[in-house]
Amino acid sequence: MSATPRFHIPGLPWADSPESLGLGSDRLQRLSARLQQGVDRGEIPGAVALVARHGQLAYLESFGQLNPAEGTAMRPDAIFRIASMTKPLTSLAIMMLLEQGQLALLDPVAKYLPELAQLRVGRVQPATDGSAPQVVLEPLARPITLHDLLRHTAGITYGVPGSPNPLKQAYISAKLGHKNDNNAQFITKLSQLALLNQPGTVWEYGMSTDVLGRVVEVVSGQTLAEFMRQHITTPLQLHDTAFHAPDSAAERAAWPQPEGPQLQLPPVPPVTQAMAFQSGGGGMVSTISDYARLCLFWRNGGQLDGMRLLSRKTVALMTANHLPAGVRMGPDMAYFGAQLPSPDVGQGFGLGFAVRTASGLNPLPGSVGDFSWSGIYGTFFWIDPQENLFAILMMQSMAQRIPYRTVMRQGVYQALVDGTA
């Protein structure tokens with residue numbers, strides 16, 4: 001474990017002490033001890049954790065190894081594959097175009113991607129004679145809207161290994177989102193597959209935000225990477241956030257360790273690997289410093305250091321729950337881990353984030369209105385407006401990503417010692 005009290009994040013000054021922000025130093029050390037324990041036990045290779053409150057940095061520590069194969073120590077400027085923590089950035093791009101009047105949430109996606117007008121819904125009919133189930137195609141009851149894509153009610157799914165659903169297996173067979181396909185080719189492949197559900201009826205986590213990435217390209221006339229760089233990462237000074245890191249940054253690349261039942265190395269792409277597919281749903285790399293600035297941007301209502309990208313009302317719209325009461329949850333959601341939307345645990349979904357809707361029900365601490373998301377490779381963040389707090393955990397561990405989200409949430413909230421936000 002190595003404390004990094006002087007690591008500088010622009011716009012996020014260090015507090016005089018955690019106590020000045022209503023956090024207990026001794027209680028934050030509990031979080032440190034638990035994360036170090038994870039390293040010592042061999043559960044995680046390494047991690048960087050951050051807690052900020054009232055616009056100041058209370059805690060930033062690094063643990064374990066940056067590269068287990070070489071034995072190099074974790075560093076606070078490590079670059080991680082953030083996977084689905086890309087989704088808030090793509091959602092931001094869409095909402096910026098919305099504010100410019102270039103699109104509207106209720107627009108059919110086929111207005112921008114005509115190939116998707118041919119999509120149909122697949123109904124799986126189990127066979128009675130022991131043969132493979134049959135898929136019957138049905139027309140859409142209504143068009144898929146951009147609103148559906150932002151809140152994951154479009155009927156688009158992910159391919160899930162081992163799922164008995166042939167529609168999900170078709171995503172795998174089609175190699176949807178293959179690294180050598182550009183975003184237009186991804187849409188062509190998707191247009192030949194069936195939807196899992198009728199639009200607006202089921203919250204089904206899937207490749208909807210990747211579709212939005214292609215919408216950004218069509219509307220803006222730029223690649224998604226170019227749009228992100230010109231309109232988001234450069235204005236917000238997110239210097240290490242992109243679809244891959246340059247070779248010159250390879251010494252800061254965070255690596256996983258062998259894990260899983262057979263101690264195989266998980267398939268986390270190197271952060272320096274460039275891909276033709278610019279995945280708006282999961283393709284970016286970043287650092288804890290960059291993502292802290294992004295959290296500040298959201299917490300400040302759409303602006304940072306005098307640079308405003310969204311109005312506060314648009315941010316409020318994005319971070320409100322957009323799931324109607326009758327929307328069901330897809331059956332394979334456990335594959336993607338804790339913190340997924342469900343009325344049973346007081347979680348809804350906004351336009352790019354999970355949103356807490358109830359003070360009870362959820363077994364993890366938090367506040368009504370806190371919003372969050374995570375990445376399958378091990379990264380996680382949440383923002384709690386009621387407590388004026390945000391926290392980030394970055395590591396590269398698919399096997400331990402879910403348990404350590406719990407460790408991080410519990411460790412942060414037990415460290416609050418003041419009586420009011």
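I take helices (H or I, at least four residues) and strands (E, at least two) as DSSP runs, numbered from the N terminus. The model is predicted, so I note that local features need pLDDT of at least 70 and side-chain atom pairs count only at pLDDT 80 or more, while totals for chains, interfaces and linings use all residues. Residues are numbered from 1 along each chain as its sequence is written, and side-chain values use heavy atoms, with hydrogens and water left out.

**Entry 1: a pocket**

I looked up the second largest pocket, which holds about 230 Å³ of space. On a 1 Å grid over the protein atoms alone, a pocket is an open set of points where a 1.4 Å probe fits, with protein on both sides within 12 Å along at least five of seven lines; lining residues have an atom within 4 Å of a point. Points are joined across faces, edges and corners, and the volume is the space filled by probe spheres set on them. I found 17 lining residues, with Arg229, Thr241, Ala242, Phe243 and His244 the closest to the centre. Helix α7 (residues 224–233) supplies the largest share of this lining, four residues. I sorted the lining into 10 nonpolar, five polar and two charged residues; Ala, Val, Leu, Ile, Met, Phe, Trp, Tyr, Cys and Pro count as nonpolar, Asp, Glu, Lys and Arg as charged, and the others, Gly among them, as polar.

**Entry 2: the cores**

A nonpolar core is a set of buried Ala, Val, Leu, Ile, Met, Phe, Trp, Tyr and Cys residues joined through side-chain atoms within 4.5 Å. Buried means under 20% relative accessible area (1.4 Å probe, protein chains only). The largest core has 87 residues, and Leu50, Val211, Trp298, Phe390 and Ile392 touch the most other members. Helix α8 (residues 288–299) gives the most to this core, eight residues. I also found a second, separate core of 27 residues, Leu31 and Leu389 among them.

**Entry 3: aromatic pairs**

I counted 13 aromatic pairs. Rings of Phe, Tyr and Trp (its six-membered ring) pair if their centres lie within 6.5 Å; planes under 30 degrees apart count as stacked, over 60 as edge-to-face and the rest as tilted. Trp203 and Tyr205 are stacked, because their ring centres are 5.8 Å apart and their planes at 5°. Trp203 is buried at 0% relative accessible area, and Tyr205 is buried at 4%.

Trp298 and Phe353 are edge-to-face, since their centres are 5.0 Å apart and their planes at 90°. Trp298 lies in helix α8 and Phe353 in the loop between β13 (347–349) and β14 (354–356), so this pair ties together parts 55 residues apart in sequence. I noted both as buried. Ring pairs link Trp298 and Phe353 with Tyr291, Phe297, Phe371 and Phe381 into a cluster.

Conventions: Buried < 20%, exposed > 50% of the residue type's maximum accessible area, 1.4 Å probe, protein only.
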